[in-house]
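Visitor: I am new to reading protein structures. Please take me through this one, feature by feature.

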Amino acid sequence: MDISMVMEAFQGILHPTMLITIFIGVLVGIIAGCIPGFTFTMAIILAFPFTFGMDPVQGLALMIGIYIGGLSGGLISGILLGIPGTPSSVVTVFDGYPMTQQGQSARALGIGIMSSVLGTFIGAIVLFLLGPIIAKFSLLFGPWEIFSLILFALTLVAGLSGASLAKGLLAGCLGLLIGTIGISPTGQVRFDFGISQLSSGFSPIPVLIGLFALSTLFSNIEEIKKSVAGKDTAILKQQVKIPYLQVLKDMYREKWNVLRSSLIGCFIGCLPAAGAESANFISYDQAKKFSKDKERFGKGHPGGIVASESSNNAVAGGAFIPTITLGIPGDVAQAVMIGALILHGITPGPGLFHTQPILVNSIYVAIIISGVAVLLLQTLLLPILTRITFIPKEFLVPSILFLSTVGAFALNNQIFDIWIVFAFGIIGFLLMKMGVPLSPIILGLILGPTLEAEMTRAFQMDTSISLFFTRPISLTFIILALGSFVFTVFQVNKQNKKTVEAIDIKKGA
């Protein structure tokens, strides 16, 4: 490891401009995370166009700030309202909301914030230690290995499909199809239908904004009357003051829980598409099993909040391992960050540690600084953040709609991109209504062109298909792809059987 590169990264990130960028990102992430219905993924997508004028490190630092802030921000509404701000805060509600009902909301918030920060730090340390080892191994990759690796990544579509594998596969194929529009790796224009703007293909950003941001806004418009207005807003009148001494005692008691849950979060984060939600539930389950007073879990046990928040923030460090070493996004947020790097001419994956050592080390430092920013901003601005949770969607939806269209227009300064946003917004909304997951579309759109380019490169070097199966690393990834797909099919079938049995038991009762 080159320590001079680490020091140079520290020097760059600790520049006042970079610090302000990270703090702004963390604040935006916290706000997006604490408003139920608006996820930090949406915030990252909306922030993407604003990174065009930044250098790659600053743009990435902004999105890392939003990512880390958003992972933590969901705890505020989860603890105060019993409504998780993000899916990764669902488990926090189990013990956080009961503590609020017992008049211990400030203590619960303090535990949640401290756990998020410690989880972030542990995730960054794991990334720092394991990243270079995996990166050295990935330098052995040729086009055959990269093709097989991306093929393996595409089988994660199955993992992102939820209960309906068929719908997930359909969505993944749609993403791959969208990725074929424009110029092929051999230089031929295809599927442009005589529309000049389509000859260079779809820019991923308008598609992302439309599919995720706009479709979510349409859903929010539909549910606008079901806002949190009906919830008890008495908490607004309360002064939320964290009892620091009590929180420190709680954290000391739960020190092994923090370490265990953070390591679980890192491991789950390393598995592309597994997501922070999985880490939450597994960590919570383990914390309960190891606890001396497990019967208190679900009734306001601090250990439940610690397990949830430390694991979901540690996921960030783990998720960056496949993203920067292999070029496989751990989740949608990571896919957007890969898009940002590609836009700046940087290809994540094998070789990134060799070609961009300062950028890679800057990621570690940005994660740690984001953790510090989470601690400072959530502690100092907590009284304001608790009020943001209650902002009516009637005000938020038009504002975010405006930002979405401006962001899409800023990409190429052309009206066509705004139409793309609205078209994919409607498509995304209709697909959501039909229960089709949107994440596989993004996976197909981001990875499809690389898959095709590497396959073309492999056949240009050697026309024999046997090399995909005779090169050990390539064969390993093909076997993993098959295993991943079969395992997911088995899991989905098992879950569906359980659901059917539960319905039958209910009917029988």
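**Reading the model**

Guide: Buried means under 20% relative accessible area, exposed means over 50%, and partly exposed lies in between (1.4 Å probe, protein chains only). This is a predicted model, in which local features need pLDDT of at least 70 and side-chain atom pairs count only at pLDDT 80 or more, while totals for chains, interfaces and linings use all residues. Residues are numbered from 1 along each chain as its sequence is written, and side-chain values use heavy atoms, with hydrogens and water left out.

Visitor: How many aromatic pairs are there?

Guide: First, the rule: rings of Phe, Tyr and Trp (its six-membered ring) pair if their centres lie within 6.5 Å; planes under 30 degrees apart count as stacked, over 60 as edge-to-face and the rest as tilted. Here that gives seven aromatic pairs. In one of them, the ring centres of Tyr 67 and Phe 320 are 6.3 Å apart with planes at 75°, so this pair is edge-to-face. Tyr 67 belongs to helix α4 (residues 56–81) and Phe 320 to helix α14 (residues 302–326), so the pair ties together parts 253 residues apart in sequence. Tyr 67 and Phe 320 are both buried.

Visitor: How does Phe 128 pair with Tyr 364?

Guide: Their planes stand at 85° and their ring centres are 5.1 Å apart, so the pair of Phe 128 and Tyr 364 is edge-to-face. Because Phe 128 is in helix α6 (residues 105–138) and Tyr 364 in helix α17 (residues 357–380), the pair ties together parts 236 residues apart in sequence. Phe 128, at 25% relative accessibility, counts as partly exposed. Elsewhere, Phe 94, Tyr 284 and Phe 297 are linked into a cluster by ring pairs.

Visitor: What sits over the ring of Tyr 252?

Guide: A charge sits over a ring if NZ of Lys or CZ of Arg is within 6 Å of the ring centre and within 35 degrees of the ring normal. For Tyr 252 it is the charged end of Lys 255, 4.1 Å from the centre of the ring.

Visitor: Where does α21 bend?

Guide: Helix α21 (residues 439–461) has 23 residues and spans 33 Å, close to the 33 Å expected. The bend, about 35°, is at Leu 447, and Pro 449 follows within four residues. Arg 457 also lies in α21 and, at 36% relative accessibility, counts as partly exposed.

Visitor: Which element supplies the largest share of the lining of the second largest pocket?

Guide: A pocket is an open set of points on a 1 Å grid over the protein atoms alone, where a 1.4 Å probe fits, with protein on both sides within 12 Å along at least five of seven lines; lining residues have an atom within 4 Å of a point. The second largest pocket holds about 990 Å³, a volume being the space filled by probe spheres set on points joined across faces, edges and corners. Among its 41 lining residues, Pro 204, Ile 342, Ile 446, Pro 449 and Thr 450 are closest to its centre. The largest share, seven residues, comes from α21.

Note on methods
Helices (H or I, at least four residues) and strands (E, at least two) are DSSP runs, numbered from the N terminus. The expected span of a helix is 1.5 Å times one less than its number of residues. The bend at a residue is the angle between axes fitted to the seven residues ending there and the seven starting there.
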